[in-house]
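Please look at the sequence and the three-dimensional structure shown here. The explanation after it leads through the structure step by step.

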Amino acid sequence: MKRFEYLAPKMVEEALKMLSDCGHGGAVLAGGTDLLIAMKRREVNPHYVVNIKSIPDLDYIQYHQEAGLRIGAITNHSAIGDSPVIRDKFDLLATACNKIGTPQVRNMGTIGGNICKAGPSQDTPPALLVLDARVKLVSLSGKRIVPIDEFFVGPFKTVLQGAELLTEIQIPNPPPVSAGCYKWATKTVAVDETLVGVAVLITLDSADGVCTDIKIALGSVAPTPMRARKAEEVLRGKRIDDRLIKQAAQVAAGETRPRSRADYRRRISRLLVSEAIAETWKKIR
Amino acid sequence: MSQRLSVVGKRIIQPDAAAKATGAALYASDIMVPGTLIGKVVRSPYPHARITRIDKSKAENLSGVEAIITPEDTAQWQKFDRGMKDLPMIAGGYTVPPDEGVLNERARHFGDAIAAVAAINEHIAEEALELIEVEYEELPFIIDPEEAMKPGAPQISGFAKGNIGKHMSYAFPAGDVQKAFKEAECIVEGTFSTPKQEHCTAETAAAVARLDVNGRLTVWSQCQLPHLARREIAHIFNMPVHRVKIITPFIGGSFGQRGALCAEPICVALALKTGRPVKLVYSREENFIALESRTGFQYTLRMGFQKDGTLTAMDTYMLGRLGGYMGCGPMASAIGMIFGLGHYRCPNRSGEADMVMTNTPMSGAFRGFGNPAIMWGIEQLVDEAAEKLGMDPIEIRLKNIKKAGEIANMGLRLESTYLEECIKRGAEAIGWKEKWGKTKKGTIRRGVGVATMTHCSGAAPLYLDHSNAFIKLNEDGTADLVVHPAPVGQHIWGALSQIAAEELGIHAEDINIVTGDTDVTLFEYGSDASRSTYSVGNATLIAALQAKEQLLERAAGMLGVSAQELEINDRQIFSSTEPKKRISMADVCYDAIYNFKGECLNISGKCSWESKWNSPPTGAFFAEVEVNIETGRVRVIRFVTAMDCGKAINPMAVEGQLEGGIQQGIGYGLTEDYVINKDTGVVETDNYDSYKMPGMMDMPETQVIIIDEPDPKGPFGAKGVGEPGMVGVAPAIANAVYDAVKVRIRDLPITPEKLLNALELARN
Amino acid sequence: MKQIATFIVNEKRYELAIEPHMLLVEVLRDELGLTGTKQSCGIGNCGACTVLIDGKPVLSCLTLALTVEGKHITTIEALAQGTALHPIQKAFVEHGAIQCGFCTPGMILSAKALLDKNLNPTDREVKYALSGNLCRCTGYVKIIDAVLAAAEAMSKEANT
């Protein structure tokens, strides 16, 4: 790693000022599991490393009956995966967080870091997409709330500006009769990068009724995490059955734009979307 | 031959286990010597390039940099073969010309060493690397062995005409293969390919070198062959052997990779240049690109059978990819052919191999050394023949496996074999009868497969199988055993303690292993070819026997009986005819040392051992797999290894070898793919994010069965077991996949895409 | 530029002069001479560098030392009491779970983090907890046996 100056702000305001002063020479350090590898490989060589993990205000999981879930940006994946309220009400997010890396990586890595890396194969974005999450971005000039499906612009590119920090993830309560799941296939071995990740959230109008809404999101099959909107149309407003699931899965696979192992990824997308919908539907009934 | 054993055969705790469990055990990368500088290496980003200019001035001016060496600096030293095959360690005069310099002006592969730095800490050394300016003239390069052999291909080494580093012929040809194939009633053949497989030792290559005031060089080296390393290093640096001292620390895994010199040459060069101790620790990336990994092959194989399943003919042509320098790679084909063609009874056998140099990182020895590659094909063809002939794969194997007394793979008598029992017990354990050959339906299909193999205990008569052991008895009846196998994790110290203690009638914990210093230990070829327990064990046994003879003679005198009637058990020497006449080991040893009667003696024994035999271990491997025909994923759900490795000196240690072999075999078979970019020659899989070995969640339910019948030539009947554990894993998986979904993959590793393609082809 | 930072390692306080780029694994090994923590891959994939911070397993090769100032760091050296091995170490030794030993410290610490929370893990829970620790020698079999045996031994002791 090249030499750098280390800054450890204690408050968000302080961090923002530091980032603003550093300009392009500054990098935000949260869990370190991505940044340090990039620095070791000299892919990034920041002059300043701003450690936001030292800001206690950014580490929290709060649930409000009305507003829903609020997660601080530097909350560890393991904390999210173990959180009783998230496992109870937003379990696909817990599943996605428990899939990331290894136990050690989950103890270090943060949800904010995972989102901001914006790698095509991250696990939390598909879950966040179907949960209609929004992220709070703050800078010295104020704050903005950005829906997660507008956050990712390209591989490793987000709408985050230079001196802007993602501080919070906001997830509204899922509708009353709904369930979701996150399923994935890895590249080679069991503990491995995600080859295809699929998140699904289904809402029914009653326990055995019509599907009023379905959200299907996939990771690692396009330049950014994506919603399979055409596939969703196949099921939205209909009564779910095996034939429709198969059709939706087929359509979803067609919407993917994988770069490498493309045929195989399309096949796995189809299989996982089918599995995810079937499993979720079973959960609701 | 039944033996009443008190120590051998027990699951004793290893003498070094506690040190490893507490973190106290020191590995080369842990060694701290005052004043140590840290070394780093500049490596070629091109697969083939001439260095036209090196400007080290900026780097030299960096505060904290003590020295920078380039090929100009290292030209004063001798060229060498890092596999040390420029030394006469192989019978029949096989040597490899010394072709590699400590640093090289012409880079022959991506990652070849160009220059090196020694600085006061790692960070400054890294910074210095960036400041060294190197200009390269890129040269045409060759990645593919077939292309390398074509006329007009860039020549990589002056010693390899047409880039053929070595042409190897099968060492034990027999009969008339052409005729036999003409007469064969069933012929099976195929082309198979096996990849480079990286050892992924937990500890990366590392060395520490220190030049002492009196001109002696001490090197902490991970080399599996310490005395050979001593000689090779002395030779490279123009020193007499006695000026070099090799210290062997704990080694964090080897599996054959440390059978070659790794970080030592550059580390020593930096130490000599600076006059200060230097530590050189390779990064994981350097392990992937700068060291030898498993030799990859593409080969054709042909086998001929009679209608009743009798094997009559075998022939192979193997094309192996060596890399930019020769190293240990060429022997992989020789060994592969010897073990593969010599496994079953077959009266007509032939084989040829071309080992080809290419502009890629080197190839060498990795657990099994050519045997895993060739058995990948052989065991699949045997299954194909069985199917053609309407036989069960077990049946056809039982028909052709050798019996004790026949000529074994290395041309010596097969001293013992219990392969039949391995096959039968393993088949029962996996549930062969219930599971094999059933009609499979559905998306998820299960199958079982078998593979068998023979390996070696040591490499006599091919390699120099020379070990020495010296044992001395202390005044309290404990003993010091001076030996020098390499402690790579195979539990050799425990095994040797058990062997010595058994012979001497004392306890394993009464033995102190004196090792790891070439100043003190006698010549030892080293740990290689599954030989440590067998060969160093035999040397230990005979040394202990000698000491015992001296001991009993003295005891006889003290007891007033004849030595012949004396026995030792549990540290007590007693007359077998009059057990009341007894004396403790301690008393006899004490008397020998603290003796004022002119009879002083430090009771001891010494043995220079050269194996005249080779007792090949045999084994049967059974895989149960689950194949998802939609995703193409293969999951190994159960694995059974049944091994005949003679008497297990320590069954716990033997199990460990077999269980570890399963992990490496699953990697070889399913998950590990070493990828070199064909257009740039760059190694794309250079760390664990891109190169995947099986983790805890990838392992099947395992069962290992140790037959535990003693071999007449091994120490207390032991045979080698370091390597065999991985040899049959991949082909057993391939055969199980065939049983599940009726397609064959001949190209390792088996990947989902390959499987889906094969299923698609089978449907059309 | 070096700055003085306070580290609490194995319940002892150390004031060390640290540069920002220094990794926790380097500080432990080179500054404190605690060589039990190993470096193996450098990118957090193998777990050999595992230490516990506030009881949780983390990768010291991806941790800047300054970021853990004042936190309670536990390395393998903390476990044995003189020559008396920790039950997990004892189990590893007795079950043949150690071959070359290089992955062992990281493996034991991950096991400790599990057993400190759960003294009755299933086979699967053990594998999951140790899934970030790679081993090339043992095939993992005896490691899992050892952790389950340690759980039993520690459980018994907790109940007496």
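The model is predicted, so local features need pLDDT of at least 70 and side-chain atom pairs count only at pLDDT 80 or more, while totals for chains, interfaces and linings use all residues. Residues are numbered from 1 along each chain as its sequence is written, and chains are lettered from A and ligands numbered from 1 in the order in which they are written.

Chain A is assigned domain 1 (5-54), domain 2 (56-171) and domain 3 (178-284); such bounds come from an automatic or database domain assignment. Between the C-alpha centres of domain 1 and domain 3 of chain A there are 36 Å.

Helices and strands are DSSP runs numbered from the N terminus, a helix being H or I with at least four residues and a strand E with at least two. Two strands pair if DSSP finds at least two bridges between them. In chain A, five strands form an open antiparallel sheet in the order β4-β5-β10-β6-β7. Because β4 (61-64) and β7 (142-147) of chain A stand at the edges with a single partner strand each, one side of each is left without a neighbour in the sheet. From one strand to the next the twist averages 20 degrees. Strands of a sheet pair through backbone hydrogen bonds, either parallel or antiparallel.

Within this sheet, β6 (residues 134-139) and β10 (residues 165-171) of chain A are joined in the antiparallel sense by five bridges. Val138(A) has Leu165(A) in β10(A) as its bridge partner. Helix α1 (residues 12-22) of chain A lies across β6 and β10 of chain A, at about 130 degrees to β10(A). Such axes are lines fitted to C-alpha atoms, for helices over the stretch in contact, and angles run from 0 to 180 degrees between N-to-C directions.

Another strand of chain A is β13 (residues 211-219), which is largely enclosed by the rest of the structure because seven of its nine residues are buried. A residue is buried if 20 or more other C-beta atoms, placed from the backbone, lie within 10 Å of its own. Strand β12 (residues 194-204) of chain A pairs with β13(A) in the antiparallel sense over eight bridges, and Gly197(A) has Gly219(A) as its bridge partner in β13(A). β13(A) also pairs with β14 (residues 226-227) of chain A, antiparallel and over two bridges; here Leu218(A) stands opposite Met226(A). Six residues lie between the strands of this hairpin, in which Ser220(A) takes a positive phi near 75 degrees.

In chain B, Pro361(B) sits in the loop between β16 (348-357) and β17 (363-364). Pro361(B) counts as buried because it has 27 C-beta neighbours inside 10 Å. Phe288(B) is 73 residues away along the chain, yet its C-alpha atom is separated from that of Pro361(B) by 8.2 Å.

How do the chains meet? Two residues are in contact if their C-beta atoms, placed from the backbone, lie within 7 Å. Eight residues of chain A are in contact with ten residues of chain B. Between chains B and C, 42 residues of chain B are in contact with 39 residues of chain C. On the side of chain B that touches chain C, α18(B) gives the largest share, seven residues. Of the 21 residues of α18(B), 19 are buried.

How values were computed
A residue is buried if 20 or more other C-beta atoms lie within 10 Å of its own, exposed if 12 or fewer, and partly exposed in between; C-beta atoms are placed from the backbone.
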